Amino acid sequence: MTQRKEGNEIGWNLDNSYARLPKTFFSSITPNPVRSPELIILNESLASSLGLNVQSLKSENEIDVFAGNGVPEGAFPLAQAYAGHQFGHFNMLGDGRAMLIGEQITPKGERVDIQLKGSGRTPYSRGGDGRAALGPMLREYIISEAMHALGIPTTRSLAVVTTGESIIRETDLPGAIMTRVAASHLRVGTFEYASKLGSDKDLQALADYALERHYPETNNSPNRYLSLLQEVIKRQAALVAKWQLVGFIHGVMNTDNVTVSGETIDYGPCAFMDTYDPATVFSSIDIQGRYAYGNQPPITGWNLARFAESLLPLLHDDQEESLKLAQDAVSDFPKLYHSNWLTGMRAKLGIFNEEEQDQSLIEELLSIMKENQADYTNTFLALTFDKEEDAGLFSTSEFAQWKDRWKARLSRQQETQESSHQLMRKSNPAIIPRNHRVEEALEAAVEQDDYSVMEKLLEVLSTPYEHSSKQVEYSTPPPPSKRPYQTFCGT
Ligand code: AMP
Ligand code: MG
């Protein structure tokens, strides 16, 4: 393994604040080099915004960094320890196939984690090989970048390299490593780990760290740990509302996959809903539908209750008082979520002001959509552009009545029709990463070494609110032969 010397020329500006936490929170690791790394994709605009020199990054030497064959100057490779409730059951986990290189301080002064995923075994690998396959890494790249473009807080994807090695799953698959960029990798599960294993002092160190990194504005609040809980609840409420508004189904909302920063993380079995149905589940392992579309908000509430529990020793000296503070904070979640969702839904329907009946107007539309198995994204698009075809949902008398009610509602606000239309345009994406399109791109990439399909898809996904003509062909729902769609965890 080589230590890259040209840190400044490339633009690496790494710090390692996480490594200054108590040792119980990580294991420092030696990267595991791979045979012959090859750069598959580099997110050039993200690289530039991180202060990295795109041309230099692409050189053979520097690709090593994305493969774990070399580390940039200032790196401190480590695997993070965490725990988590997986499908409701508590487990000790940790980065089993990821390695934090360090935190890049961007030209704007922001601090982001640079993490390799698929980089080899760590002390937390349990039975796993620590590796990742090309398909799932490209899938994460595509969907996380699409989420970012949709305006949804998320970890980002900086690069994917192939390793030149096969990994063994049901069949042999090409190995790959993804470089993930995140506001941090602090999870609800990190706090659960601290509360289960660490001393109260360790827990407090973690909470102080999270506050300083993500919520510095709470510095003067009288109970900072309560503020931490409340702020995370707010961000998660806003996040899951955004998921619901675009029909994103995370698929594996275990507490280790819930960030303290409020970013979406872990693009394993996630997928976007085509036909509107709250019971939609894509993940092959989610047999009970625990993480179905319609369950995402209450599950977020459940996950936040686990976060609150882990913070109990810090909230108050008196146990009962502590419990009460935690319960009050968690009980705010449903209304916080609901108000984010309602605001977003109003915008999707071009509504600026608030009326009591708005919720029933929205629910009525959703119920007609469900009844008629309407495509979620395209129904809102049709309303935006007043292009309801005389078929399916739009040919029903229920819809005609609903539309009258909606039009009457729009007339009871001061804003013009044109401003309503503009609001709808920026609230209803022209395209989402449709499952069959993502599969098609991955198949070309993995099976035929043809990355052009993925590149084209990435390009149209990068401006979902542009509503350009080149996006039209990507808005078609999957043909019946591609349904029901199933996703796999990508391990
Ligand atoms: P996930 O389902 O991706 O949230 O992963 C749950 C846990 O399994 C995490 O601790 C991962 O690091 C670990 N894990 C997933 N895949 C592997 C693998 N191939 N080798 C080792 N650990 C893994
Ligand atoms: Mg995970």
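This is a predicted model: local features need pLDDT of at least 70, side-chain atom pairs count only at pLDDT 80 or more; totals for chains, interfaces and linings use all residues.
## Basis of the description

Residues are numbered from 1 along each chain as its sequence is written, and chains are lettered from A and ligands numbered from 1 in the order in which they are written.

## Packing of α11 and α12

Helix α11 (residues 333-348) packs with helix α12 (residues 358-371) at an angle of about 70°, and their axes are 10 Å apart. Helices (H or I, at least four residues) and strands (E, at least two) are DSSP runs, numbered from the N terminus. Axes are lines fitted to C-alpha atoms, for helices over the stretch in contact, and angles run from 0 to 180 degrees between N-to-C directions. The two helices, α11 and α12, are therefore roughly perpendicular to each other (angles under 35 degrees count as roughly parallel, over 145 as roughly antiparallel, 65 to 115 as roughly perpendicular and the rest as oblique).

On the α11 side, the contact (heavy atoms within 4.5 Å) is made by His338, Trp341, Leu342, Met345 and Arg346. Helix α12 contributes Asp358, Gln359, Ile362 and Leu366. By class, this contact of α11 with α12 has five nonpolar, two polar and two charged residues. Ala, Val, Leu, Ile, Met, Phe, Trp, Tyr, Cys and Pro count as nonpolar, Asp, Glu, Lys and Arg as charged, and the others, Gly among them, as polar.

## Salt bridges

The count comes to 30 salt bridges, each defined as a side-chain nitrogen of Lys or Arg within 4 Å of a carboxyl oxygen of Asp or Glu. One of them joins arginine 213 and aspartate 113 at 2.7 Å, N to O. This pair links distant parts of the chain, 100 residues apart: arginine 213 is in helix α7 (residues 200-214) and aspartate 113 in strand β10 (residues 111-117). Arginine 213 is buried at a relative accessible area of 16%, and aspartate 113 is buried at 0% (buried means under 20% relative accessible area, exposed over 50%, partly exposed in between, with a 1.4 Å probe and protein chains only). A network of salt bridges links Asp15, Arg20, Glu103, Arg111, Asp113 and Arg213.

Glutamate 355 and arginine 412 also meet in a salt bridge, at 2.9 Å, N to O. Glutamate 355 lies in the loop between α11 and α12 and arginine 412 in the loop between α14 (397-411) and α15 (417-427), so the pair ties together parts that are 57 residues apart in sequence. Glutamate 355 is partly exposed at 21%, as is arginine 412 at 44%. In a further pair, the closest N and O atoms of lysine 403 and aspartate 386 are 3.1 Å apart. Lysine 403, in helix α14, is 17 residues from aspartate 386, in the loop between α13 (376-384) and α14. Lysine 403 is buried at 18%, whereas aspartate 386 is partly exposed at 48%.

## Helix α17 and the segment after it

The buried residues of α17 are Met454, Leu457, Leu458, Val460 and Leu461. They cover an arc of only 165° around the axis and therefore lie on the same side of α17; the arc is that of the directions from the helix axis to the C-beta atoms. These buried residues pack against β4 (38-42), α5 (134-149) and α16 (435-448).

Glutamine 471 is found in the segment after α17 (452-461) and counts as buried, at 1% relative accessibility. Not counting residues up to four places away in sequence, glutamine 471 touches Ala430, Ile431, Val460, Thr463, Pro464 and Glu466.

Notes:
Side-chain values use heavy atoms; hydrogens and water are left out.
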